[in-house]
Amino acid sequence: MKSNAAFFAFVCAAAMSACSDPPPPRVDTPVESASDARRKDEQDIAGRMAEQKAASEAAFQADRAKTEQRQFVDTFNAIGKRWGESLNEASRTGRSDMAPMIKKLEAVKADAEAIAVNECTGKARATLVGAMSAAIEAFTLFSKETGDGSTATQQKLVQSSDLLLAAERELDACRAGL
C-alpha cells in the first residue's frame, strides 16, 4: 500500500503541476547604471540652469531698458529746464539785445537735437525741436519788427506753445512706461 500511496501522491502532484497556469515569462527590466543616472542628473541640472540663466537675462534686459528710459527722460527734463529758463530770459529781453538771446536759444536747440533717443523719446524730441524752431523764428521776427509784435510773431509763439505741450504729453507717455 505504501507503493500505491506513493504512486497516488506522485500522480496527484504531476496532475496539479500540469493543470496550473504556467508562471508569466520573466521580463528583465534594465537597471540604470550609476554613470547613466549621473549623466541624466547632469543633463537635468544643465537644463534648469539654462532656464534660470534665460530668466535672469530677461530680467536684466528689462531692468536695463527701464534704466535707459529713465536716463532719456532725465536728459529731456534737463534740456526742457534749460529751454524754459532761456525762453523766460528771451521774453524779458528788448529787441536791441535779442541777437545774443537767439544764439542762446539756438544753442539749447542744438543740444536737444544732439541728445540720444530711443523709440519712445524720439517723437518727443522731434516735437520739442519743432517747438524750439517756432519760438526762435518768433523771436527773430520780433527782433526785426518795430512797435508791437506782429500777427506772424504771435502765431509762431502759439505754434511753439502748442508743440511744447505736445512734446510734454509725449514725454509723459514715456514716463508712464517706467
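A pocket here is an open set of grid points with protein on both sides within 12 Å along at least five of seven lines, and its lining residues have an atom within 4 Å of a point.

**View 1. The largest pocket and its lining in this predicted model.** The space inside comes to about 250 Å³. Sorted by class, the lining holds 7 nonpolar, 2 polar and 3 charged residues.

**View 2. The largest nonpolar core.** This core has 23 residues, and the members that touch the most others are W83, L105, M132 and F139. Two or more residues come from each of α2, α3 (98–114), α4 and α5. Helix α4 gives the largest share, 7 residues.

**View 3. A charge over a ring: R95 and F142.** Here the charged end of R95 sits over the ring of F142, at 4.1 Å from the ring's centre. As for pairs between aromatic rings, the count is 0.

**View 4. A look at E137 in helix α4.** E137 counts as partly exposed because its relative accessibility is 38%, between the 20% limit for buried and the 50% limit for exposed. Along the chain, E137 and T153 are 16 residues apart, and their C-alpha atoms are separated by 7.8 Å.

How values were computed: Residues are numbered from 1 along each chain as its sequence is written. This is a predicted model: local features need pLDDT of at least 70, side-chain atom pairs count only at pLDDT 80 or more; totals for chains, interfaces and linings use all residues. Side-chain values use heavy atoms; hydrogens and water are left out. On a 1 Å grid over the protein atoms alone, a cavity is a set of points where a 1.4 Å probe fits but cannot get out, and a pocket is an open set with protein on both sides within 12 Å along at least five of seven lines; lining residues have an atom within 4 Å of a point. Grid points are joined across faces, edges and corners, and a volume is the space filled by probe spheres set on the points. Ala, Val, Leu, Ile, Met, Phe, Trp, Tyr, Cys and Pro count as nonpolar, Asp, Glu, Lys and Arg as charged, and the others, Gly among them, as polar. Rings of Phe, Tyr and Trp (its six-membered ring) pair if their centres lie within 6.5 Å; planes under 30 degrees apart count as stacked, over 60 as edge-to-face and the rest as tilted. A charge sits over a ring if NZ of Lys or CZ of Arg is within 6 Å of the ring centre and within 35 degrees of the ring normal. A nonpolar core is a set of buried Ala, Val, Leu, Ile, Met, Phe, Trp, Tyr and Cys residues joined through side-chain atoms within 4.5 Å. Buried means under 20% relative accessible area, exposed over 50%, partly exposed in between (1.4 Å probe, protein chains only). Helices (H or I, at least four residues) and strands (E, at least two) are DSSP runs, numbered from the N terminus.
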